[in-house]
Amino acid sequence: MIDKSQVLEELLEAMIAEDEDITVRAVCRRSDGIFKHATDITRNETRNKKVKSAIAKQETIRTAVNQSSKKSRAELEKLVAVKNAEIAQLQADKELLTASHRKMILAVAQMGGLPIWRQFFERYQEVLDKLDSMEAIPSGEVVALPPRKC
């Protein structure tokens, strides 16, 4: 049996690569009878979303190509350098926020409030999973230290 979803994705990627205008009817024509009518795509929410997403992607690519073709090589290199600097700054900011988040959770845990902190996320397991994948949640056991002697 043919996986129509996979075929649709391949058709859309090929149309983007060849810069062929993406429409539902164009996809049907190109599908060799897999999608006989436009409604085979438009009535299926998943397929329709894939086509709309591909159209948006194609427009983004075309816009980028049109803008870049009007710029000199030096301007493009400068733009790439600026974007790389922005990316580096965002990564540094993320690392700082992650480290800060870990320390705040440790402070809450030391005060005995970790179960209360987790209650804020009990219905948002995907948030906890994401924080864990970012290593923003400290692992290990919290140990109470003896009071300091002055």
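Trainee: Which residues is Ile41 in contact with, leaving aside neighbours within four places in sequence?

Mentor: Ile41 is in contact with Leu8, Val24, Val27, Cys28, Phe35, Arg47, Asn48 and Val51, where contact means heavy atoms within 4.5 Å. This is a predicted model, in which local features need pLDDT of at least 70, side-chain atom pairs count only at pLDDT 80 or more, and totals for chains, interfaces and linings use all residues. Residues are numbered from 1 along each chain as its sequence is written, and side-chain values use heavy atoms, with hydrogens and water left out.

Trainee: Why is Ala38 called partly exposed?

Mentor: Buried means under 20% relative accessible area, exposed over 50%, and partly exposed in between (1.4 Å probe, protein chains only). Ala38 has a relative accessible area of 24%, so Ala38 counts as partly exposed. Ala38 also touches Val24, Arg25 and Cys28, not counting residues up to four places away in sequence. The C-alpha atoms of Ala38 and Val24 are separated by 5.7 Å.

Trainee: What makes Asp32 buried or exposed?

Mentor: Its relative accessible area is 73%, and exposed begins over 50%, so Asp32 is exposed.

Trainee: What is phi of Asp19?

Mentor: Phi of Asp19 is near 55°, a positive value in a residue other than glycine. Most residues other than glycine have a negative phi. Phi of Asp32 is near 55° too.
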